[in-house]
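Student: I have a model open and would like to learn how to read its side-chain features. Could you take me through them one at a time?

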Amino acid sequence: MKPLAEHGTTARAKGRPSAGIPGCPCRPCRKAENAYDKRRRFLNQTGRTLRVDTAPVAAHLRGLFAAGAGWNQLAAISECSTSTISSLLAEKNPQCRRTTANKILAIQPGDAIPDQRSVPALGTIRRLRALIAQAHTCKTISTSCRIDHSTVTDLLVARTDVVTLGLANRVAAGYRTLSQTSGASARSRNRAIREGWAPAAAWDDDLIDDPNAHPDWTGYCGTDRGWWTHRWQHLPMCPRCEHAHQQWLDERAGLHPQARNQEMFRARAAASQREAELAIDARELLRYGVGIEQAAARLGVSKNHLQQVMLRHPAEPDQAAAA
């Protein structure tokens, strides 16, 4: 039989009538029961009853299970027993405790997935390739991410489409640490350049797992300006910029070669001028105490691109004096 609750609790004060156990008459138990009744009356009067309908909670649970949640994980996150979750799912009672309902409803899809569950490997592959692009070695990545060296090499060449959630989480944790620094392996960096793998600065952390997302190497990828930036920074040319520049050329295919070249020079000059203006705006923000990451976000470019722009367009003497 389940042991009785401690003295001074509502459960001990009410006892177990179904098992023939009367409520405890001691003072602490009576005080706890009175406090419970007082709170219940107050919440009822203010429209916040202690019990709510079970149906929305059961529907939310079904959605969590459909998203891959596990029983043990749900129990741990919600601090509810598996029997309680089972009762809610089956809607055995039309109402349940508000506190229990709030805990269940606060769980989002994906929060309670078992580590053994398979998830798409795309985001994990992108993270590993980004670390290689930042000159980290496979050994360093393996140690930081707590995965086998062979697993790293297999994922780099995309030999699998899925990984376990536990592995994906370990890689994400290692990526958050290693992506803040650059390694010293020329071999890794050259491999990334050869394969066209984007560094961490080209990826938005919120989009790196999105199959429809693309790396933004320059801050302007997908435009003709991005194509020129790739050239200036000696970056691997991304397909979107290659396509944008080819489209730019196709639109001017009917022009005389000399006229087309003149337009190309103007486009290059205009892009260069915009870079110079970007560097000036960035230094102005930095002068007012805005961090480099915040400045990049305000100007709509990546941190890596902003730093490269500032290197290519150093401050004029009067600007340096003002700073």
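Tutor: What follows goes through cores, cysteines, rings and charged pairs. This is a predicted model, in which local features need pLDDT of at least 70, side-chain atom pairs count only at pLDDT 80 or more, and totals for chains, interfaces and linings use all residues. Residues are numbered from 1 along each chain as its sequence is written, and side-chain values use heavy atoms, with hydrogens and water left out.

Student: How do I read a nonpolar core, and which residues touch the most other members of the largest one?

Tutor: In soluble globular proteins, nonpolar side chains tend to be buried together. A nonpolar core is a set of buried Ala, Val, Leu, Ile, Met, Phe, Trp, Tyr and Cys residues joined through side-chain atoms within 4.5 Å. Buried means under 20% relative accessible area, exposed over 50%, and partly exposed in between, with a 1.4 Å probe and protein chains only. Here the largest core has 40 residues, and those that touch the most other members are Ile-132, Ile-141, Leu-156, Val-163 and Tyr-175. At least two residues of this core come from each of helices H7 (122-133), H8 (138-145), H9 (149-156), H10, H12 (224-233), H13 (239-251) and H14 (257-287). Helices (H or I, at least four residues) are DSSP runs, numbered from the N terminus. Apart from this core lies another, of 15 residues, including Val-52, Val-57, Cys-96 and Ala-112.

Student: What is Ile-132 in contact with, leaving aside its neighbours within four places in sequence?

Tutor: Contact means heavy atoms within 4.5 Å. With those neighbours set aside, Ile-132 contacts Cys-138, Ile-141, Leu-156, Ser-188, Arg-189, Ala-192 and Trp-197.

Student: Where does Ser-179 lie, and is Ser-179 buried or exposed?

Tutor: Ser-179 is in the loop between helix H10 (165-178) and helix H11 (186-195). Its relative accessible area is 17%, so Ser-179 is buried. Not counting residues up to four places away in sequence, Ser-179 touches Leu-131, Gln-134 and Ala-200.

Student: How many disulfides does a search of the whole structure find?

Tutor: A disulfide is a pair of cysteine sulfur atoms within 2.5 Å. The search of the whole structure finds 0. Cys-24 is in no disulfide, and the nearest cysteine sulfur, that of Cys-26, is 3.4 Å away. Cys-24 counts as buried, at 11% relative accessibility. Cys-138 is likewise in no disulfide, the nearest cysteine sulfur being that of Cys-145, 11 Å away. Cys-138 is buried, with a relative accessible area of 14%.

Student: How many aromatic pairs are there?

Tutor: Rings of Phe, Tyr and Trp (its six-membered ring) pair if their centres lie within 6.5 Å; planes under 30 degrees apart count as stacked, over 60 as edge-to-face and the rest as tilted. The count comes to 2 pairs. Phe-65 and Trp-71 form a tilted pair, 4.9 Å centre to centre with 40 degrees between the planes. Phe-65 is partly exposed at 21% relative accessibility, and Trp-71 is partly exposed at 38%. Trp-227 and Trp-228 form an edge-to-face pair, 4.9 Å centre to centre with 85 degrees between the planes. Trp-227 is buried, with a relative accessible area of 9%, and Trp-228 counts as buried at 6%.

Student: Which ring does Arg-127 lie over?

Tutor: A charge sits over a ring if NZ of Lys or CZ of Arg is within 6 Å of the ring centre and within 35 degrees of the ring normal. Arg-127 lies over the face of Tyr-175, at 5.8 Å from the ring centre.

Student: How many salt bridges are counted?

Tutor: Side chains of opposite charge can pair when their charged atoms come close. A salt bridge is a side-chain nitrogen of Lys or Arg within 4 Å of a carboxyl oxygen of Asp or Glu. The count is 8. Arg-127 meets Asp-209 in a salt bridge (2.9 Å, N to O). That pair links distant parts of the chain, with Arg-127 in helix H7 and Asp-209 in the loop between H11 and H12, 82 residues apart. Arg-127 counts as buried at 10% relative accessibility, whereas Asp-209 counts as partly exposed at 46%.

Student: What separates Arg-30 and Glu-33?

Tutor: Arg-30 and Glu-33 are 3 residues apart in helix H2 (residues 27-45), so about one helical turn separates them. Their side chains meet in a salt bridge (2.4 Å, N to O). Glu-251, Arg-252 and Glu-263 are linked in a network of salt bridges.
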